[in-house]
Amino acid sequence: MLNLSENLIRFRKERKLTQSDVAQHLGITKASVSKWETGQTMPDVALLPLIASFYGVTLDELMGYEPMLTNQQIQAIYERFTSRFASESFDSIFTDIQIEIRRYYSCCPFLYQMAVLLLNHCNPKIITKEEPDKISRIQKFIVSLCMEVEKKSNDPVLRENACSIRMMTSLQAGNYEAVIDGLSDLLLPDRVGGQEALLVTAYMAKGETEKADQAAQIILYRHLLLLIQQSMQRMILHTHNPKQLKKIIHRTDILIETYHLMHLHPNTAAGYYYHSAICMSGLISDFSEEEILSRIEKYCRAVILLFRDNIQIHGDEYFPYITEWFSNNVLGNVSVRHKKEVMESALEAFDHPVLQNLNLEKLREMKTTLIKECEFYVRT
């Protein structure tokens, strides 16, 4: 933030100087120095380098400008905007986000997190009759932020993450060719993989067993969540093939239960149980109503556990290192969306058209229970 007047006072007092000393050195009046320090006036632009040199600081330090933010500062800004999204209009928040981006445009980690923030809050609810193309404009803005990070950042991981967010945004925007062009190399048969396993092997060879186990946990955890995600996508591809759909659901059920994902990662478990219920509802002649409703019940249980966990990622006795690992993220364990918004999305799930053919009374009971069980955690 710009705190010139405060900094002028601080730097002068740190050096045990009087206003007269400063005035004499700069060839101005003591009254001018006093007005600068009280914020009544600003020094002439030509004097700023001389003042900075006199105090032995940079111009950025003199002005109180921080072009690069710490992880804690980024987290604080992200949390502030997330909280505002729960109660304020998108337009007013978006304007302030753009102001912050202009202020810290050289800070690539911040640009990336703002892209993530906007992607998580850019949804159909913000469309108005006056601005039917609003989402499209915001998506283009997100893509531009990601491209800036990919171009400027020296961090290969950050560049890769920015590319992923750009691909997600392009997918949402219906720009499928951009996604295919950007990611099709992943399927090349001669692409060398297994680098992660090599890292674990190297730690083991050095006798660093704890680091080897930590690395193995992270790799397994990531691939486990990806496996569930890919299984859900395969379900969509086989919604007209009940035999294959049953096989996919059966094997994924075993995976969810084996790794206790209901407690380890309730968000993933909730998504899976809901997703499978929707796919099964489209084949009502091949799946009983009880089977489908039982999955909605599991969905509700997972959502309740998610709120009890304060919507934070954590490990368990099998993955003890995951909590510490994720806390090292720029945002730490901060939720990407406010609890109120997450709850609204959880309840909207009951409005899916294919569910309206089921026992509506039973669905209403589940929804009521979900609201009751989560009410306290949403408020806190």
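Is Ser170 buried or exposed? I looked it up: Ser170 counts as buried, because its relative accessibility is 7%. My cut-offs are under 20% relative accessible area for buried, over 50% for exposed and partly exposed in between, with a 1.4 Å probe and protein chains only.

Before going on, a note on what I'm looking at. This is a predicted model, where local features need pLDDT of at least 70 and side-chain atom pairs count only at pLDDT 80 or more, while totals for chains, interfaces and linings use all residues. Residues are numbered from 1 along each chain as its sequence is written, and side-chain values use heavy atoms, with hydrogens and water left out.

**Entry: Ser170.** I found Ser170 in helix α10, residues 156–172. (Helices are DSSP runs of H or I with at least four residues, numbered from the N terminus.) Its side chain reaches the backbone oxygen of Arg166 at 2.9 Å. Skipping residues up to four places away in sequence, I see Ser170 touching Val143, Asn175, Ala178 and Val179; contact here means heavy atoms within 4.5 Å.

**Entry: helix α17.** I went to residues 289–308 next, the 20 residues of α17. From first C-alpha to last, α17 reaches 29 Å, close to the 28 Å expected at 1.5 Å a residue. (That expected span is 1.5 Å times one less than the number of residues.) I noted several buried residues in α17, including Ile292, Ile296, Tyr299, Val303 and Phe307. Their cover includes α14 (242–258), α16 (266–281) and α20 (360–379). Just after α17, Asn310 takes a positive phi of about 65°.

**Entry: the cores.** What does a core mean here? I take a nonpolar core as a set of buried Ala, Val, Leu, Ile, Met, Phe, Trp, Tyr and Cys residues joined through side-chain atoms within 4.5 Å. The largest one has 53 residues, and Tyr272, Ile296, Tyr299, Val303, Phe350 and Leu370 touch the most other members. α17 gives the most to this core, with 11 residues. I also checked Phe350: leaving aside neighbours within four places in sequence, its contacts include Ile296, Tyr299, Cys300 and Leu370. A second, separate core of 36 residues includes Phe81, Phe90, Ile97 and Tyr112.

**Entry: salt bridges.** How many salt bridges does a search of the whole structure find? I get 21, counting a side-chain nitrogen of Lys or Arg within 4 Å of a carboxyl oxygen of Asp or Glu.

- Glu14 and Arg10 meet at 3.4 Å, N to O. Both lie in α1 (residues 4–14), four residues apart, about one turn of the helix.
- Glu148 pairs with Lys152, the closest N and O atoms being 2.9 Å apart. Both are in α9, again about one turn of the helix. Glu148 counts as buried at 11% relative accessibility, whereas Lys152 is partly exposed at 38%.
- Glu348 and Lys125 form a bridge with the closest N and O atoms 3.9 Å apart. Glu348 lies in α19 and Lys125 in the loop between α8 (108–121) and α9 (134–152), so the pair ties together parts that are 223 residues apart in sequence. Lys125 is exposed at 54%, while Glu348 is partly exposed at 42%.

Conventions. Helices (H or I, at least four residues) and strands (E, at least two) are DSSP runs, numbered from the N terminus. A polar contact is a pair of N or O atoms within 3.5 Å; within protein, one must be able to donate a hydrogen and the other to accept it, and residues adjacent in sequence count only if both atoms are side-chain atoms.
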